[in-house]
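Trainee: I would like to learn how to read a structure like this one. Could you take me through some features step by step?

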Amino acid sequence: MSTPARNSPFVGLHWGTIVALGILGLIQPALGILRVYETLGRPWSPIAVTVLVAAVWVAVVVLRRTARPVLTLTIVGTLYGVLTIVLNWIVWIVFYGSTAPLPGPTIASIVLANLLGGALLGLLALVILRIMSRRGH
């Protein structure tokens, strides 16, 4: 009889990669906080950075030939959403001396939107991996 831990879909995931990709995503809000987008030009610069981060996420999962790309990038997206909220709180504490709590629905929508975005990127990575396996790469 196998233990529940062995049957968990989370066993065998590359957690270091997941955390690194989630943190990498913070470049997008960090550039906003640092007002880099004003210098580079809005609205295209934040869009370009978001696309670049998404491309890196997919590329890393594909190049690593991750066994469960949809789950992996869903977790990455979720982690990124949570880290974005934490970054928001830190910025409020540093610049304003107190937290300005985001409303619960806002927190939920940030996490859910990034979870879904990660899942979609995971589906894209899965398609790419299947195409590559058919071609013998």
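Mentor: Gladly! Let's begin with helices: they are DSSP runs of H or I with at least four residues, numbered from the N terminus. Keep in mind that this is a predicted model.

Trainee: Where does Phe 95 sit?

Mentor: You will find Phe 95 in helix H5.

Trainee: And is Phe 95 buried or exposed?

Mentor: The general idea is that exposed means over 50% relative accessible area, and buried means under 20%. Phe 95 has a relative accessible area of 56%, so this residue is exposed.

Trainee: Which residues form the nonpolar patch on the surface?

Mentor: Phe 95 belongs to it, together with Ile 33, Leu 34, Val 82, Val 86, Trp 89, Ile 90, Trp 92, Val 94 and Tyr 96. Their accessible area comes to about 970 Å² together. Helix H5, residues 69–96, supplies the largest share of the patch with eight residues.

Trainee: What about Thr 17, buried or exposed?

Mentor: Thr 17 lies in helix H1, which spans residues 15–24. Its relative accessible area is 14%, so Thr 17 is buried. Leaving aside residues up to four places away in sequence, Thr 17 touches Val 60 and Arg 64.

Trainee: How many salt bridges does a search of the whole structure find?

Mentor: That search finds one. Arg 42 pairs with Glu 38, and their closest N and O atoms are 3.3 Å apart. Arg 42 is partly exposed at 48% relative accessibility, and Glu 38 is partly exposed too, with a relative accessible area of 44%.

Technical notes. Residues numbered from 1 in each chain as written. Predicted model: local features only at pLDDT ≥ 70, side-chain atom pairs only at ≥ 80, totals over all residues. Heavy atoms only, no water. Patch = residues over 30% accessible without salt bridge, like charges linked within 9 Å, V, L, I, M, F, W, Y side chains within 5 Å. Areas by Shrake-Rupley, 256 points an atom, 1.4 Å probe, with all protein chains shown as cover. Salt bridge = Lys/Arg side-chain N within 4 Å of Asp/Glu carboxyl O. Helix = DSSP H or I, 4+ residues; strand = E, 2+ residues; numbered from the N terminus. Buried < 20%, exposed > 50% of the residue type's maximum accessible area, 1.4 Å probe, protein only. Contact = heavy atoms within 4.5 Å.
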